[in-house]
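Work through the exercises below with the model open. Each task is followed by its solution.

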Amino acid sequence: MSVSEFFSDISSGVLAGITFTDIIDVVIVAFVVYKIIGFMQATRAEQLVKGLIVLLIATYLSGFFNLYTLNWILKGTLSFGVIALIIIFQPELRRGLEYLGRGGLIRRRDKDQAKKVASIIVRAVEHFSAERIGALIIIERQILLNDHTEHGTILDSALSEELLGAIFYEGAPLHDGAAIIRGDRIYAAGCILPLSSNRTLSRELGTRHRAGTGITENSDAIAVIVSEETGVISIAIDGNLTRFLDLKTVEKTILNSSLEEQEERKPFADAFKKFWKKAEGRDTHE
């Protein structure tokens with residue numbers, strides 16, 4: 001028997017034992033792992049995992065080399081540390097559970113709608129920046145912000161540059177709060193948002209920037225912020241604040257962030273379709 005025939009027999013035997021259920025199982029696990037890794041990279045969970053790995057390695061090595069006292073301390077740390085980590089990383093854990101519960105298959109912003117929304121917001125932001133008008137615009141994505149809209153004023157009006165200008169006009173009743181955009185409509189205005197707990201933010205930043213960053217720490221929303229003092233345009237995504245942006249970058253960021261979840265699903269959707277077609281062909285053959 002030749003080497004090629006040997007490997008051919010092995011591969012045919014292995015593939016013969018794989019069922020369609022096994023393929024679905026692998027695809028689902030791969031998707032979950034992919035999402036978990038993506039979530040960890042966007043939060044402090046990445047550092048948490050690294051720390052846990054170091055702690056587990058240290059615990060194993062202390063036991064291997066019979067360092068009884070150190071091993072006892074490390075095991076105790078692992079036991080009680082889990083509770084402490086749940087408390088410390090409560091925002092990340094909450095966000096992760098919300099991430100799993102998103103209604104992505106139902107609530108999607110198509111490309112044309114995303115372009116329209118981005119264009120209107122950019123024109124409004126250009127005006128705000130030039131006139132030094134403070135503004136906080138929140139673009140809702142998969143996670144609903146009903147907890148925050150209920151404390152504001154429900155508008156549910158068509159999104160327009162003029163309406164945004166009226167909302168944030170200095171002296172207007174709703175100009176101090178945030179305007180929340182749902183789909184292609186301004187759902188609510190004058191909304192009070194949670195302030196960021198990030199101590200690395202510059203002390204120069206006021207409540208508007210901290211509120212914009214804070215809402216993105218607890219949801220997948222996009223916050224567009226215009227400084228009242230300087231006219232500087234900023235965007236907060238996933239708790240990360242980026243300042244001194246030009247209008248082209250703002251439009252590109254809004255558009256890409258609005259559509260990225262649909263793009264992320266495509267590889268898995270395509271793979272699922274291929275596996276399904278392959279399984280249907282195999283069943284027909286059998």
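Buried means under 20% relative accessible area, exposed over 50%, and partly exposed in between (1.4 Å probe, protein chains only). Helices (H or I, at least four residues) and strands (E, at least two) are DSSP runs, numbered from the N terminus. This is a predicted model: local features need pLDDT of at least 70, side-chain atom pairs count only at pLDDT 80 or more, and totals for chains, interfaces and linings use all residues. Residues are numbered from 1 along each chain as its sequence is written, and side-chain values use heavy atoms, with hydrogens and water left out.

**Exercise 1.** Find which residues of helix 9 are buried.

Solution. Start with the span, residues 207–217. The buried residues include Arg208, His209, Gly212 and Glu217. Nine of the eleven are buried, so helix 9 is largely enclosed by the rest of the structure.

**Exercise 2.** Give the strand order of the open sheet, then find its edges.

Solution. The seven strands run 2-4-3-1-5-6-7, with mixed pairing. Strand 2 (153–158) and strand 7 (240–242) are the edges. Each has a single partner strand (pairing takes at least two DSSP bridges), so one side of each lacks a neighbour in the sheet. The twist averages 20° from one strand to the next.

Note on methods. Axes are lines fitted to C-alpha atoms, for helices over the stretch in contact, and angles run from 0 to 180 degrees between N-to-C directions.
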